[in-house]
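Please consult the sequence and the structure as you read.

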Amino acid sequence: MKNVGEAPQEELATGERSTRNRVARSILDHGPSTVADLAARLGLTQAAVRRHLDTLAHENVVEPREQRIYGARTRGRPAKVFALTDCGRDAFDQSYDKLAADALRWISERHGEGAVVDFARDRMAAQAVAYRKAIDAAPPEQRTEALAKALTADGYAATARSAPVGEQLCQHHCPVAHVAEQYPQLCEAETEIFSALLGTHVQRLATIAHGDGVCTTFIPRNAPQSSQTTDNASASTAGRNPA
């Protein structure tokens, strides 16, 4: 990540900028976070975290939001969380967004929107090869966690957590978020592959491309299908692509 914003020389000398980048990186890796969450993860005082967040907010790197609650709400107001802005995400690895968007626009104009769908499915099918190996090596009850780790290795900073009657797969970073905002076919193809890999219907609850802080996918607590069934589902998805 490149340094976000400018800082006076004396601030750089004291490591303030480095710590501020760690705060931003932690939000990228873990999604929208409370002050207490950041303090615990980074080994800082909450007062120090607030000070860095104030500066990052002034630089339009982070913004405060009301915490999204899935399932039953508890009493009291939801805790305030801090999420990366588009500007904040731009400070990470999204420098090829314009090139990718231009390429997809060319495909759409020359060959139709169906070609964009085919491209998105082929792209995800290629990525899914490594994901399948990780899932097949994991016990059934740990397959979502295995998928999260495989996605993290691809730059998606993913985690898995329990949810009512299922699990949630959360991707705290999306390297193609700006492109997916223009071409949601990328998100749709990804959801199809998740369903095929896990052998069950999944539901996309939120996406970074649509302005949410985290891409969230709900996986119901079903008995997993056999490996052969999952292979057939994936092949069916990939089979819609031209040879």
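## Salt bridges

In this predicted model, arginine 105 forms a salt bridge with aspartate 102, and their closest N and O atoms are 2.7 Å apart. The two residues are three places apart in helix 6 (residues 97-111), which means that about one helical turn separates arginine 105 from aspartate 102. In general, an α-helix has 3.6 residues a turn, so residues three or four places apart point the same way. Arginine 105 counts as partly exposed because its relative accessibility is 31%. Aspartate 102 is likewise partly exposed, at 31% relative accessibility.

A further salt bridge joins arginine 121 to glutamate 192, with the closest N and O atoms 3.1 Å apart. Arginine 121 belongs to helix 7 (residues 113-136) and glutamate 192 to helix 10 (residues 185-198), so this pair ties together parts that are 71 residues apart in sequence. Is arginine 121 buried or exposed? With a relative accessible area of 17%, arginine 121 is buried, since buried means under 20%. Glutamate 192, at 25%, is partly exposed. The count for the model comes to five salt bridges.

## Arginine 65 and its surroundings

Glutamate 63 also takes part in a salt bridge, and its partner is arginine 65; the closest N and O atoms are 2.9 Å apart. The side chains of these two residues are joined by a polar contact of 2.9 Å. Glutamate 63 is partly exposed, with a relative accessible area of 29%, and arginine 65 is partly exposed as well, with a value of 23%.

Arginine 65 is located in strand 1 (residues 62-66). Which residues does arginine 65 touch, if those up to four places away in sequence are not counted? They are Ala79, Lys80, Val81, Ala83, Leu84, Gly211, Asp212 and Gly213. Serine 33 is 32 residues from arginine 65 in sequence, and the C-alpha atoms of serine 33 and arginine 65 are 9.5 Å apart in space.

## Helix 4

Within helix 4, the residues Ala48, Val49, His52, Leu53 and Leu56 are buried. Viewed down the axis of helix 4, the buried residues fall within an arc of 130°, and therefore they line one face of the helix. These buried residues pack against helix 2 (16-30), helix 3 (35-42), strand 1 and strand 2 (80-84). On the other side of helix 4, Ala47, Asp54 and His58 are exposed.

Asparagine 60 follows helix 4, and the phi angle of asparagine 60 is positive, near 65°.

Valine 61 counts as buried because its relative accessibility is 2%, while the limit for a buried residue is under 20%. How far apart in space are valine 61 and cysteine 87? Their C-alpha atoms are 5.7 Å apart, although valine 61 and cysteine 87 are 26 residues apart in sequence.

Conventions:
Residues numbered from 1 in each chain as written. Predicted model: local features only at pLDDT ≥ 70, side-chain atom pairs only at ≥ 80, totals over all residues. Heavy atoms only, no water. Helix = DSSP H or I, 4+ residues; strand = E, 2+ residues; numbered from the N terminus. Contact = heavy atoms within 4.5 Å. Polar contact = N/O pair within 3.5 Å; in protein donor to acceptor, adjacent residues only side chain to side chain. Buried < 20%, exposed > 50% of the residue type's maximum accessible area, 1.4 Å probe, protein only. Arc of directions from axis to C-beta. Salt bridge = Lys/Arg side-chain N within 4 Å of Asp/Glu carboxyl O.
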